[in-house]
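Opening the notebook on this one.

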Amino acid sequence: MTVLVWDAPGSKTYESGVDRGVLYLSDGSGVPWNGLTGVDEKPVGFTTQPLYFEGIKYNEIVNIGDWGATLRAYTYPDEFLEFEGIVEIDNGLYVAGQDTTLFGLSYRTGVGNDINPEAGYKIHILSNLNAVPSNVGNKSSTPKPNAIEFEWTITAIPQQIPGFRPTAELIFDSTKSSPEFTAEIEGIL
């Protein structure tokens, strides 16, 4: 029988931070998303349904639900406006309330452990996203700048992946891959 070992060096892993955001446009091209401050993933409709027979619980059905998140940023690429339904009709003149389109997004989260705080990272690749902006509170100016943090609720339309349930998110973990494969994935993105 195998002996269990707790607290082995390098086994205490964690994720931290968000960086290297990329907005993917309708034509598949990507633009950097500077100012991205957070992506709080939150499944929508993830529930369990207990099953009973003669008053005794014998199983549970897990309803996976849909992918969703809250996206936060101090700034966003100009190209993101069209995904909010804002269209530029002339140099610097915009019209709001227009139809929106789907977009893609990728970002990194750092992976560390008790030996190396920079052991690697995970790349989150999201597709077929919709964005609904939250309220923006514009306030009087003060001598000290007070940057507005923008926020959007994003939802996704999952895509079919052969052999798996439809999904809107792929996650690539650099700590479990060769440097060559990691470079290839990053080159594609």
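My notes on what I looked up follow.

**Ground rules.** I'm working on a predicted model, where local features need pLDDT of at least 70, side-chain atom pairs count only at pLDDT 80 or more, and totals for chains, interfaces and linings use all residues. Residues are numbered from 1 along each chain as its sequence is written, and side-chain values use heavy atoms, with hydrogens and water left out.

**Salt bridges.** I looked up the salt bridges (a side-chain nitrogen of Lys or Arg within 4 Å of a carboxyl oxygen of Asp or Glu) and found 6 in the structure. One of them joins Lys 122 to Glu 15, with the closest N and O atoms 2.9 Å apart. Lys 122 is in strand 10 and Glu 15 in strand 1, so this pair ties together parts 107 residues apart in sequence. Strands here are DSSP runs of E, at least two residues, and helices are runs of H or I, at least four, numbered from the N terminus.

Next I checked Asp 19 and Arg 108, whose closest N and O atoms are 3.0 Å apart in a salt bridge. That pair links strand 1 with strand 9, 89 residues apart. Arg 108 is buried at 15% relative accessible area, while Asp 19 is partly exposed at 33%. For the record, buried means under 20%, exposed over 50% and partly exposed in between, with a 1.4 Å probe and protein chains only.

Then Asp 40 and Arg 72: their closest N and O atoms come out at 2.2 Å in a salt bridge. Asp 40 sits in strand 3 and Arg 72 in strand 6, 32 residues apart. Glu 149 joins these two in a network of salt bridges.

**Patches.** I took patches as residues with over 30% relative accessible area and no salt bridge, joining like charges within 9 Å and nonpolar side chains (Val, Leu, Ile, Met, Phe, Trp, Tyr) within 5 Å. Phe 46, Val 62 and Ile 64 make a nonpolar one of about 270 Å². Phe 46 is in the loop between strand 3 and strand 4, partly exposed at 47%.

**Positive phi.** Which phi does Asp 7 have? I get a value near 60°, positive in a residue other than glycine. Asp 7 is in the segment before strand 1 and exposed at 55%. Arg 20, also not a glycine, has a positive phi of about 50°; Arg 20 lies in strand 1 and is exposed at 57%.

**Ser 178.** Last stop: Ser 178 is in the loop between strand 12 and helix 1. A polar atom of the Ser 178 side chain lies 3.1 Å from the backbone nitrogen of Phe 181.

Technical notes: Polar contact = N/O pair within 3.5 Å; in protein donor to acceptor, adjacent residues only side chain to side chain. Areas by Shrake-Rupley, 256 points an atom, 1.4 Å probe, with all protein chains shown as cover.
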